[in-house]
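I opened my notebook beside the model today and jotted down what I looked up. Here are the entries, in the order I made them.

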Amino acid sequence: MNKIEHDFLSWANDPARTLEERYGILRLAEFTYMRYYQGADKTPLDWATASKAHEQRLYNPAYQPFIDEKQLRITAELLPRVEELNLDPIGEDRPLRNLAFLAFVPNVTSLRLHSFEREDLDGFQHLKHLRVAHLRSDEVEDYSALAACHELRELHITTHFPWPVLRALSELPHLEILNWHGNSLALADIPSLPALRSLQIQSQYYQNEPKNSIRDLHQLPDMPMLDHFWGGWFHRLDGIGRFPKLRFLAIRGFFKSLSGLTALTELTHLRITNPRLEEVATVASMPSVRHMAVHSERPQDWGVLMTSETLREVFHLGFDGDQPDLETLRMLIPPWDDLFALPEPRALEPIRVMVRSSLDDMTGADCDISSDFPEGPEGWDGNLGMRQSETWWVENQLHTALRDAGYLKLQGVRMGSNPPELYSLFSNPPTPWMPRRLSLRILKSEAIGHIPGIFECIRKALSQIRHPWQLHVTVQPDADAETWDESWKHIPPKSYAQEMVELEHQLEQKRLRKQIFLKDQHRMRLLQELGEDTEGFKPTPLPAPQENPDSEFFSSPDDGDEEYEEDDKDGGIANFDPEQAANDEVWLSPVDVGDPNSDWNGLFCMFILSEKGVHMHARNRGIESIADLLDVIPERKT
């Protein structure tokens with residue numbers, strides 16, 4: 001028995017443990033048993049049953065934890081191996097109110113802790129090796145205990161608490177990523193974040209966020225290494241020059257001019273949300289900006305950007321009128337080819353089918369970083385904007401190659417180009433983990449018979465891209481593939497009013513359950529004060545879910561509503577949409593691709609396609625079929 005195991009069992013079995021300590025032990029045991037125990041007698045998790053049990057303990061003020069002795073011993077034995085601890089609840093669950101159990105998981109490097117009710121983070125002082133933490137709580141006021149987590153690299157905090165104490169974050173010497181979902185004004189409490197490279201401020205919980213905007217960027221901590229910034233509302237851009245290393249900036253505010261950005265000489269990607277913006281000419285003189293997106297109800301003078309030597313893409317959301325100068329600018333600015341394409345394609349060797357014994361071997365199959373990969377092995381030295389723009393460009397190149405060769409006319413070939421949806425540019429930050437991999441689906445026997453030609457077309461396109469890329473391919477012939485692949489389009493969408501009524505109904509049910517719980521909690525407390533025995537206390541039964549009484553006012557296809565019409569099964573003439581034409585199979589020019597008359601129903605496999613060939617896992621059922629299609633002999637890789 002190791003020391004952690006011995007100490008934990010002695011502590012957990014001590015009768016002095018409080019109810020909240022025992023509940024913490026139970027949550028630790030539940031996760032450790034399901035995540036790390038591999039015994040043949042392991043009971044599989046029934047999510048529906050677990051969710052119902054968790055809901056019951058949430059609304060029972062007399063709840064008492066029951067810890068299975070066998071599960072406790074197994075947990076104690078496994079604790080030294082616990083490096084990832086995920087205490088996010090399954091459905092609704094009783095919140096944690098004591099974190100003393102963290103003393104017995106000293107090797108944890110990644111922690112997810114949602115739905116806990118404490119004013120501080122007592123217990124975190126034991127997590128000396130913690131590197132990634134996701135915390136969600138509306139009760140925590142003091143985050144000082146995080147100062148002991150010297151190895152912390154990545155921190156995500158979501159809270160409704162209005163004025164948390166965050167000064168301790170300045171004592172984290174290696175903190176590189178901070179995602180803050182809360183009151184943005186509270187960040188002024190942090191003196192500095194010396195190693196921070198990425199800051200995201202998401203304050204959606206504060207509905208009047210524009211009214212609570214930060215005066216200027218002097219109110220943020222000193223962040224000399226800041227490279228990526230997303231979010232926040234700012235009255236002025238004063239102080240933006242304090243972050244000269246910025247390469248990606250998505251900012252919201254009420255400033256009329258972008259003149260304050262001239263100090264950002266390394267900035268490549270700029271996204272502005274601003275209802276009052278009047279001037280964008282500053283961008284033309286900035287030496288590195290390649291991507292610009294504006295969300296504003298005002299039209300802009302885009303012609304002034306035609307003198308920019310670096311711009312590659314420009315977007316505008318929020319103004320529905322015509323902007324001829326914007327379309328002209330898009331035609332005149334050069335494409336990304338000088339950065340993402342090769343002057344001459346790489347030579348292609350005959351295609352191979354390589355069978356891998358380990359899934360890990362396939363993660364970066366044939367995508368080793370080339371010696372000239374720009375600015376480091378992470379891809380653009382971690383510049384998330386460049387990595388996102390490259391992804392869009394590569395997907396469009398592959399889609400164009402398949403379209404021009406006629407393969408997108410085949411039923412069941414699914415690979416759409418991915419021009420950015422304008423709204424997502426301002427709502428979804430680029431993710432730090434963006435592998436150089438795209439997806440292709442082949443869903444019909446007719447298309448499977450054309451796999452040799454499809455793969456050759458893709459490999460030629462990949463050979464023209466400067467840096468190695470690969471595709472995750474799914475082959476699954478299904479007679480109904482076209483139907484289920486598009487079935488969502490035939491479901492009439494709910495109206496906004498109906499969604500709001502249903503949401504309000506759900507919230508009302510939740511409020512009612514909370515009221516019943518608080519009444520039960522108060523009733524039990526009164527009984528305890530009167531000296532009554534509460535051991536047999538029974539909570540008030542939760543009300544049975546009620547059918548939404550307003551649902552009858554909303555029509556469905558079966559109601560005989562004349563406003564709803566099914567798609568014309570006999571076809572018809574669709575309205576031509578020029579913006580959709582480039583990316584929609586409906587408008588492709590008719591290219592004749594003959595049917596090889598092969599029947600591949602029943603085949604199902606997934607694999608990685610690269611320039612060198614196909615990488616498949618040894619347990620894949622389709623190895624021989626794919627090898628026969630390509631007329632090659634599979635190579636076994638150990």
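I began with β12 and β18, which run parallel and are joined by three bridges. Strands here are DSSP runs (E, at least two residues) and helices are DSSP runs too (H or I, at least four residues), numbered from the N terminus. Two strands pair if DSSP finds at least two bridges between them. Within this pair, I found Val355 opposite Arg636 in β18.

A note on the source: this is a predicted model, where local features need pLDDT of at least 70 and side-chain atom pairs count only at pLDDT 80 or more, while totals for chains, interfaces and linings use all residues. Residues are numbered from 1 along each chain as its sequence is written, and side-chain values use heavy atoms, with hydrogens and water left out.

Next I looked at β17 (residues 613-617), which pairs with β12 (residues 352-356) in the parallel sense over five bridges. Here Met354 stands opposite His615. Is β12 mostly covered or uncovered? I noted that four of its five residues are buried, so to speak mostly covered; buried means under 20% relative accessible area, exposed over 50%, and partly exposed in between (1.4 Å probe, protein chains only).

Then I stepped back to the sheet. It is open, with seven strands in the order β13-β14-β15-β16-β17-β12-β18 and mixed pairing. Its edge strands are β13 (413-414) and β18 (635-637), each pairing on one side only.

I turned to the nonpolar cores, which are sets of buried Ala, Val, Leu, Ile, Met, Phe, Trp, Tyr and Cys residues joined through side-chain atoms within 4.5 Å. The largest has 93 residues, and Leu85 and Phe124 have the most contacts inside it. Helix α2 (residues 19-36) gives the most to this core, with seven residues.

Leaving aside neighbours within four places in sequence, Phe124 touches residues including Leu99, Leu130, Ala145 and Cys149.

My last stop was α3 (residues 47-58). Which of its residues are buried? I listed Ala50, His54, Arg57 and Leu58.

Note on methods: Contact = heavy atoms within 4.5 Å.
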